[in-house]
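Please open the structure in the viewer and keep the selection panel at hand.

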Amino acid sequence: MIRRHRLATGVCALLAALGAGIAFPGGAVADETEPQTAAPKVELVLDVSGSMRARDIDGGTRMAAAKQAFDEVLDATPKEVELGIRTLGANYRGNDRKTGCKDTAQLYPVGPLDRTDAKTAVATLSPTGWTPIGPALLKAADDLQGGEGTRRIVLISDGEDTCQPLDPCEVAREIAAKGIGLTIDTLGLVPDAKTRDQLSCIADATGGTYTSIQHKEELSDRVGQLVDRAADPVVTPVAAGGADSCSAAPTLKSGLFTDREEFGRQRWYKVDVRPGQELRASVSVADDRAVSPDYGVLLRAVTASGREIVRGEAAGTGRTDVVSTGLRYPKPESDDDTASTESVCLQVTNSFSAAPGVKTTPGLPLELTVDVVDGPSAAHDVAAFGLGRGWWLLGALVLTGFVAGLLWGWLSRWRVAVWRTN
């Protein structure tokens, strides 16, 4: 009886294995070799100005909290991340503003991390001078130049920039306008309202985050999260300079692109679509500065002659800082073998308007996603109760289950009959 039970179980297991073989063909196994990617780069920019002497973070100075956070983060930095450290206000102790506003230096170069050397360099820091955030961000962007990997600046400060009129928020917008895919995250140590607004503006301009810090543990955790995030795989947008007309527009292939669009203006791009392909496009426009409420974004696909094919549009009321929309255009198959590729023009238009006194340059950050894929080729592709090409898989599984059920039922009845006979 035990042998018969094992036999029945073995037969069902075999059928299940055959069903799994049908459902998951051998060719679907992922390739174990992964392409090498460029190393992600992070630069920690630390404010070492005189105000960092304040003793208001868990009974210790702000500088002590920053040093402790750096020690913990350096110990936990992923080995694939190239990390550097830059300071601002760490060296000049005088009162000359012009000199103080040049006081930014690279404490540890961006590259493979030697934890001992980096910790030793941080240990020597002492709160000293001014707060030249704008100049430090410009230098940090230069430090991260080159390569194709993720690039991130983590700015830690406890006060406003003291080197105006070089507005750090405008500096961040200029960095973002270069289209180099660099993100700036900011952390404010016990910030007041003005510091919070400035650091938030810097982060918003580059798609980064702002965090208010009140305790040592918060600082260590947040810096660690941001460094770890740099190691996550991401798609870096490619700079694409749109044109003012369809005829002059650059031709884009599938990918993620970034650009800048002036208030109330339009940008044009081209995408080549062959018969049987489908164009999928989406766009996001962010208000990285104060804007008037009630705004919208329009994305149109038009022919070279100006005829509209399809459009997508979205509106905002001041409660969101990003407006996104998208569209799809399937180009039908053609029986004519000589049918040519069609150049579809994508037009992006916005209805943002700047608030009084707000600069309108550089333009608003724009992110455009373009994907050209093979479109549905037959009715069964899009029918089958929404399963598409998965219909055959479901049929195979149902048939396998049906056969397994019949066999199991027959074996069970045979087993009961033998038991009754004995």
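The tour begins with confidence and then turns to the disulfides.

**Colouring by confidence**

The mean pLDDT of the protein is 83, and 85% of its residues reach 70 or more. Select residues 1–36 next: the pLDDT there is below 50, and the stretch has 18 contacts in the model beyond near neighbours in sequence. Then select residues 378–388, where the pLDDT is likewise below 50 and nine such contacts are present. Where pLDDT is low, the predicted coordinates should not be read in detail.

**The disulfides as a set**

How many disulfides does the structure hold? There are three. With bonded cysteines counted along the chain, their pattern is 1-2, 3-4, 5-6.

**First stop: C101 and C163**

Select C101 and C163 and display their side chains; the two form a disulfide with sulfur atoms 2.0 Å apart. The torsion about the S-S bond is about -100 degrees, so this disulfide is left-handed. The pair links distant parts of the chain, 62 residues apart. C101 is placed in the loop between α3 (97–100) and β3 (104–111), while C163 belongs to the loop between β4 (151–157) and α6 (168–177). Both C101 and C163 are buried.

**Second stop: C169 and C201**

Move on to C169 and C201, which are joined by a disulfide with an S to S distance of 1.6 Å. C169 lies in helix α6 and C201 in helix α7 (residues 193–205), so the link ties together parts that are 32 residues apart in sequence. Is the link of C169 and C201 left-handed or right-handed? The torsion about its S-S bond is about -45 degrees, so the disulfide is left-handed. C169 is buried, with a relative accessible area of 5%. C201 also counts as buried, at 17% relative accessibility, because the limit for that class is under 20%.

Finally, select C246 and C345, a disulfide whose sulfur atoms are 1.8 Å apart. The link of C246 and C345 is right-handed, with 45 degrees about the S-S bond. Where are its two ends? C246 sits in the loop between β7 (238–239) and β8 (251–252), and C345 in strand β15 (residues 342–350). These are distant parts of the chain, 99 residues apart. C246 and C345 are both buried.

Methods:
Residues are numbered from 1 along each chain as its sequence is written. This is a predicted model: local features need pLDDT of at least 70, side-chain atom pairs count only at pLDDT 80 or more; totals for chains, interfaces and linings use all residues. Side-chain values use heavy atoms; hydrogens and water are left out. A disulfide is a pair of cysteine sulfur atoms within 2.5 Å. Helices (H or I, at least four residues) and strands (E, at least two) are DSSP runs, numbered from the N terminus. Buried means under 20% relative accessible area, exposed over 50%, partly exposed in between (1.4 Å probe, protein chains only). pLDDT is the predictor's confidence in each residue, from 0 to 100. Contact means heavy atoms within 4.5 Å.
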